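Subject: A structure for you to look at

Hi there,

Here is the structure I promised to pass on. Please open it beside this email and follow along as you read.

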Amino acid sequence: MKYSKYIFFFLCVACLNAFSQGGSNYSIFGIGDLIYSNGATASGMAGTSIAVPSEYSINFRNPALWSKVTTTRLQVGYLFNQYVIEDNDNTLWQNNGKVNQVSSVFSVDTANGVSFNFSLYPYSSKNYLIDYKKTQSFYGEDLNSMVSYQGSGGISIAQLGAASNIFKNLSVGVAAFLSFGNLTYSTTTIVYGDNTNQSISTKQDNIQSWGWKIGAIYSPFDNLTIGAFINNFQKFDFDREITFESNLITDTSYTVNCSFQIPKEIGFGISYLSEKFLFAADYSLQDFSNFSYQSGPKTEFKQSSNYTFAVSRLGNKKAGASFTDKITYNFGIGYRELYYKIAGQNINEFLFSFGIDTPIIGTTMLHSSITLGKRGTQESGLINEYFGRINVDLSIGEVWFKPIKREY
């Protein structure tokens with residue numbers, strides 16, 4: 001277990017908060033941007049992963065796929081986001097970076113696919129900065145003011161689960177998870193001029209709940225895999241702390257009780273292996289129609305759907321193969337109908353991705369990907385967002401458990 005010393009290091013890194021300059025302004029709504037692909041391998045395939053078996057990367061969507069990992073693996077990832085935000089008159093560049101996930105799979109019995117998983121990863125991300133400037137006449141004098149809206153935080157998941165082969169061509173996986181996070185919203189109002197003051201109002205939600213996930217994969221014949229999963233959240237009940245600061249009055253704060261329910265997510269996937277090439281597609285949906293958290297006056301929550309397709313050119317595992325032939329190359333495209341409608345406009349997202357899985361030493365792998373995409377519209381006074389994401393994972397693998405000897 002020469003790599004076991006990295007476990008403590010990975011867990012420590014996961015606790016670090018990276019400096020953030022900003023992100024998607026659409027994340028102001030609801031619980032922020034939902035994260036569909038935490039691992040770099042899945043990101044290189046536009047998030048396609050529900051029915052994609054892999055020996056060398058850990059799956060975050062379908063727990064049944066842990067049964068296909070043949071070594072004990074420790075994995076840590078980093079994600080960098082770049083956004084270009086445009087309206088009819090202005091362009092704004094914002095970016096942020098953070099540790100994206102820490103995960104492990106313990107492959108106890110490779111013959112029966114018995115594996116255990118621990119993962120810590122983000123489920124949603126809220127990171128926006130919006131400035132609104134205004135000039136208003138007041139007793140014959142023009143006053144310039146600026147209102148800044150800023151939000152940060154998100155929901156993370158700490159997960160424990162297990163997977164096993166039920167039959168030769170059927171595997172299942174289950175997981176229980178704790179979902180938690182801190183969501184902060186602040187509004188700063190500045191009026192420029194003599195005898196004017198600045199005011200800041202802040203809302204802070206410390207949330208925590210739990211849930212469960214179940215998944216299955218089935219191979220009716222060689223080279224074809226069908227997968228499905230259900231992700232279920234329990235209700236979030238929490239206290240919101242509201243603070244008001246101003247130069248004119250003493251700072252005040254109070255708390256109110258709030259709650260919301262993240263709807264159940266259902267996903268389906270299929271993959272087919274043809275010699276060196278793997279073809280895969282995913283579909284998932286969540287119905288946010290009854291969701292009520294952090295909406296605007298012109299915001300309507302609705303069903304969210306996610307469609308992706310990917311092609312992977314698998315690396316050659318033979319010892320005599322060239323280095324470039326051993327690399328796996330991933331390509332993907334995706335279309336997402338996001339879970340909100342603003343001013344009557346559906347907010348949709350298009351993306352395409354490219355990634356590589358590079359062998360380092362033995363079963364140690366470096367997974368990397370780049371994703372480019374666009375969301376939003378400039379209709380009804382809204383904005384376009386262009387985004388780029390760079391995802392890098394280091395996955396260390398080693399045999400910790402010897403195959404179980406059986407008497408027949």
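Strand E7 (residues 198–218) and strand E8 (residues 224–233) run antiparallel and pair over 8 bridges. Two strands count as paired if DSSP finds at least two bridges between them. Strands themselves are DSSP runs of E with at least two residues, helices are runs of H or I with at least four, and both are numbered from the N terminus. Within this pair, Lys213 has Asn231 of E8 as its bridge partner. The hairpin of E7 and E8 has 5 residues between the strands, and Asn223 takes a positive phi near 80° there.

Before going on, a word on how to read all this. This is a predicted model, in which local features need pLDDT of at least 70 and side-chain atom pairs count only at pLDDT 80 or more, while totals for chains, interfaces and linings use all residues. Residues are numbered from 1 along each chain as its sequence is written, and side-chain values use heavy atoms, with hydrogens and water left out.

Strand E6 (residues 170–192) pairs with E7 in the antiparallel sense over 21 bridges, and Ala176 stands opposite Trp212 of E7. E7 is also joined to strand E9 (residues 236–246) by 7 antiparallel bridges, with Ser199 opposite Ser246 in E9.

How many residues does the hairpin that joins E5 to E6 pass through? The hairpin from E5 to E6 goes through 2 residues.

Zooming out, the protein has 3 helices and 18 strands. Its radius of gyration is 23 Å, close to the 22 Å that the globule rule gives for 408 residues, so the protein is as compact as a globular protein of that length. (The radius is taken over C-alpha atoms, and the rule is 2.2 Å times the number of residues to the power 0.38.) Along the principal axes, the C-alpha atoms fill a box of roughly 95 × 40 × 40 Å. Of the 408 residues, 49% count as buried; buried means under 20% relative accessible area, exposed over 50%, and partly exposed in between, using a 1.4 Å probe and protein chains only. Among contacts (heavy atoms within 4.5 Å) between residues at least 6 apart in sequence, 65% join residues at least 24 apart.

Ile396 sits in strand E18 (residues 384–398). Is Ile396 buried or exposed? Ile396 is buried, because its relative accessible area is 6%. Ile396 and Met146 are 250 residues apart in sequence and 50 Å apart in space, C-alpha to C-alpha.

Most residues other than glycine have a negative phi. Glu275, however, has a positive phi near 55°, and lies in the loop between strand E11 (265–274) and strand E12 (277–287). Glu275 counts as exposed because its relative accessibility is 77%. Ala343 has a positive phi of about 50° and is found in the loop between strand E15 (328–342) and strand E16 (345–359). At 29% relative accessibility, Ala343 counts as partly exposed.

Happy exploring!
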